Amino acid sequence: MIQINQQQCNGCARCLDVCPEGAIYLVDERAQIDQGRCTGCGDCIEECPTAAIYRDATEITTPPGVKVQPRESTLLTAIKSVVVTVGTTLLPVIISKIGEALTTKLENKTPQAPSGNKPGRASGKQVRRRYRGGR
Ligand code: SF4
Ligand code: SF4
């Protein structure tokens with residue numbers, strides 16, 4: 001689509017003269033394009049002394065009636081890829097390591113049985129003796 005930057009237009013009307021479709025007209029000494037008549041030939045772009053006329057980049061290769069979505073930047077794609085990789089591979093490993101560390105810490109905090117024998121309970125030596133018939 002051909003566009004005119006109104007701030008750059010000086011109203012010289014050269015584009016009006018060159019347009020084969022009569023698609024350009026002046027309003028308050030600023031050129032306007034009738035998009036319904038414009039064929040996009042680009043003759044007016046070459047004629048404009050102030051470079052006020054330009055082609056809308058998103059429309060260059062687009063068939064009529066089809067709008068092109070702007071492409072995602074390469075940097076954004078790379079960042080997304082890194083985030084996905086970290087999320088799917090590293091995150092489970094990190095969570096597993098944290099879980100192991102917590103388990104180890106909790107096991108170390110579990111109260112240990114006192115080293116002395118409790119009343120009424122046989123020591124390991126006594127139990128072994130019972131298995132051997134008191135020897
Ligand atoms: S691109 Fe061609 S048809 Fe469209 S306004 Fe310019 S000169 Fe006219
Ligand atoms: S040629 Fe350029 S400066 Fe002159 S009227 Fe057309 S758009 Fe404006």
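Let's start at I2, which touches I33, C38, G40, C44, I53 and R55, leaving aside residues up to four places away in sequence. Touching here means being in contact, with C-beta atoms, placed from the backbone, within 7 Å. This is a predicted model, where local features need pLDDT of at least 70, side-chain atom pairs count only at pLDDT 80 or more, and totals for chains, interfaces and linings use all residues. Residues are numbered from 1 along each chain as its sequence is written, while chains are lettered from A and ligands numbered from 1 in the order in which they are written.

I2 also belongs to the largest nonpolar core, a set of 10 residues that includes C15, C19, C44 and I53. Such a core is made of buried Ala, Val, Leu, Ile, Met, Phe, Trp, Tyr and Cys residues joined through C-beta atoms within 7 Å. Buried means that 20 or more other C-beta atoms lie within 10 Å of a residue's own. Across the 135 residues of the protein chain, 7% are buried.

Now for the layout: the chain has 4 helices and 4 strands, in the order β-α-β-β-α-β-α-α. These are DSSP runs, with helices (H or I) of at least four residues and strands (E) of at least two.

Strands β2 (residues 24–27) and β3 (residues 30–33) pair antiparallel over 4 bridges; pairing takes at least two bridges found by DSSP. I24 has I33 as its bridge partner in β3. The hairpin of β2 and β3 has 2 residues between the strands, and D28 takes a positive phi near 50° there.

Terms used: Buried ≥ 20, exposed ≤ 12 C-beta atoms within 10 Å, placed from the backbone. Contact = placed C-beta atoms within 7 Å.
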